[in-house]
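Visitor: I have not seen this structure before. Please show it to me, and then I will ask about it piece by piece.

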Amino acid sequence: MKTAVLLSTIAAATAFAPSANVGRKSSVEATKADLEAIAEKANPVVKFYDPLNLAEQDFYGFGNEATIGWLRHSEIKHGRIAMFAFVGYIVQSNFVFPWPQTLGGAAHPSADLIPEAQFDQVPLGAKWQIFAVISMLELWDECGGGGALPHYTNGRKPGQFPSFQPFRDNVHFVLDLYDPLGFNKNMSAETKERRLISELNNGRLAMLGIFGFLSADKVAGSVPLLNDIAQPYSGNPMIPFEGQFSYFN
């Protein structure tokens with residue numbers, strides 16, 4: 001079982017990996033000057049801050065512009081997930097769904113547990129379902145929605161998740177992740193730009209916030225502002241299958 005999961009993961013990642021074409025062109029906000037302009041809008045005080053000189057790197061020989069496209073897409077994606085995690089942490093600390101968690105009728109972990117401990121109580125099969133959905137979304141992103149969009153290192157707007165239209169046309173109905181009801185299709189360019197900058201800032205703050213929660217629970221006193229609400233956690237939040245699944249056992 002473990003070997004099959006590992007091999008299938010490697011195969012899927014290889015199938016959708018971008019080809020190593022040196023000198024590829026990323027046409028959407030893919031230069032250091034573009035990053036500096038975005039940084040000025042996002043935070044006029046800090047402005048452009050790149051102590052590791054990532055904006056000058058060339059990952060995997062794809063070229064600097066493709067590298068910047070990869071970095072921008074990665075930051076936006078991680079920011080979105082962090083916003084989900086931050087809100088989810090607060091909700092899970094105070095509320096759990098009243099309906100059963102499993103088909104067998106098992107209830108959701110108690111809200112008396114901190115979110116990290118709640119996740120430890122989630123059945124192994126449910127965790128695999130979560131990661132299966134995440135993997136499918138990642139693959140859809142990497143392949144540009146079945147080729148409908150270029151790769152984000154080769155011209156796609158950073159953060160743009162492909163529409164599920166090809167999937168709807170050929171498999172079954174599913175809503176798009178962004179603007180599923182089409183409310184924003186007539187949004188002005190100025191409004192879109194303002195919202196994108198807000199999303200970037202909110203994502204960065206959420207990344208700090210969720211790791212602040214995790215750190216405060218794991219290492220007592222590490223985040224002084226959270227000392228009054230932090231609860232000790234003996235597990236490891238970086239091991240989602242702790243005690244349930246491991247390649248090394």
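Visitor: Is Glu-199 buried, partly exposed or exposed, and at what relative accessibility?

Guide: This is a predicted model, and the accessibility is computed from it. Buried would need a value under 20% and exposed a value over 50%. Glu-199 falls in between, so it counts as partly exposed, at 22%.

Visitor: Which side chain meets that of Glu-199 in a salt bridge?

Guide: The two partners link distant parts of the chain, 119 residues apart, with Glu-199 in helix α8 and the other in helix α3. The N to O distance is 2.6 Å. The side chain in question is that of Arg-80.

Visitor: Which residue forms a salt bridge with Arg-204?

Guide: Arg-204 is partly exposed, at 34% relative accessible area. The closest N and O atoms of the pair are 2.6 Å apart. Arg-204 lies in helix α8 and its partner in helix α3, so the pair ties together parts that are 129 residues apart in sequence. The partner is Glu-75.

Visitor: What is the N to O distance in the salt bridge of Glu-56 and Lys-32?

Guide: Glu-56 lies in the loop between α2 and α3 and Lys-32 in helix α2, so their pairing ties together parts that are 24 residues apart in sequence. Glu-56 is partly exposed at 48%, and Lys-32 is partly exposed at 28%. A salt bridge here needs the nitrogen within 4 Å of the oxygen. For this pair the distance is 2.8 Å.

Visitor: How many salt bridges are there by this rule?

Guide: Besides the pairs above, Lys-77, Glu-138, Asp-141 and Arg-156 are linked in a network of salt bridges. By the rule, the count comes to eight.

Visitor: Glu-116 is buried yet has no salt bridge; what is the nearest side chain of opposite charge?

Guide: Glu-116 is found in helix α4, residues 115-120. Its side chain makes a polar contact with the side chain of Tyr-89, at 3.5 Å. Beyond four places in sequence, Glu-116 touches Tyr-89, Phe-213, Leu-214, Asp-217 and Tyr-233. The nearest side chain of opposite charge is 9.3 Å away, and that is Lys-218.

Visitor: How far apart are the end C-alpha atoms of helix α8?

Guide: Helix α8 covers residues 189-218, which is 30 residues. At 1.5 Å a residue, it should span 44 Å. The distance in the model agrees with this, at 43 Å.

Visitor: What covers the buried residues of α8?

Guide: The buried residues of α8 include Ile-197, Leu-200, Phe-213 and Asp-217. What covers the buried residues includes α2, α3 and α4.

Visitor: With which side chain does that of Glu-142 make a polar contact?

Guide: Glu-142 has its place in helix α5, residues 124-142. Glu-142 and Thr-153 are 11 residues apart in sequence and 10.0 Å apart in space, C-alpha to C-alpha. The polar contact of the Glu-142 side chain, at 2.9 Å, is with the side chain of His-151.

Visitor: Which element of the protein chain has the lowest mean pLDDT?

Guide: The mean pLDDT of the chain is 86, and 88% of its residues reach 70 or more. Over residues 1-29 pLDDT stays under 50. Among the elements, helix α3 has the highest mean, 95. The lowest mean, 40, belongs to helix α1.

How values were computed
Residues are numbered from 1 along each chain as its sequence is written. This is a predicted model: local features need pLDDT of at least 70, side-chain atom pairs count only at pLDDT 80 or more; totals for chains, interfaces and linings use all residues. Side-chain values use heavy atoms; hydrogens and water are left out. Helices (H or I, at least four residues) and strands (E, at least two) are DSSP runs, numbered from the N terminus. Buried means under 20% relative accessible area, exposed over 50%, partly exposed in between (1.4 Å probe, protein chains only). Lys and Arg count as positive and Asp and Glu as negative; His and the chain ends are not counted. A polar contact is a pair of N or O atoms within 3.5 Å; within protein, one must be able to donate a hydrogen and the other to accept it, and residues adjacent in sequence count only if both atoms are side-chain atoms. Contact means heavy atoms within 4.5 Å. pLDDT is the predictor's confidence in each residue, from 0 to 100. The expected span of a helix is 1.5 Å times one less than its number of residues.
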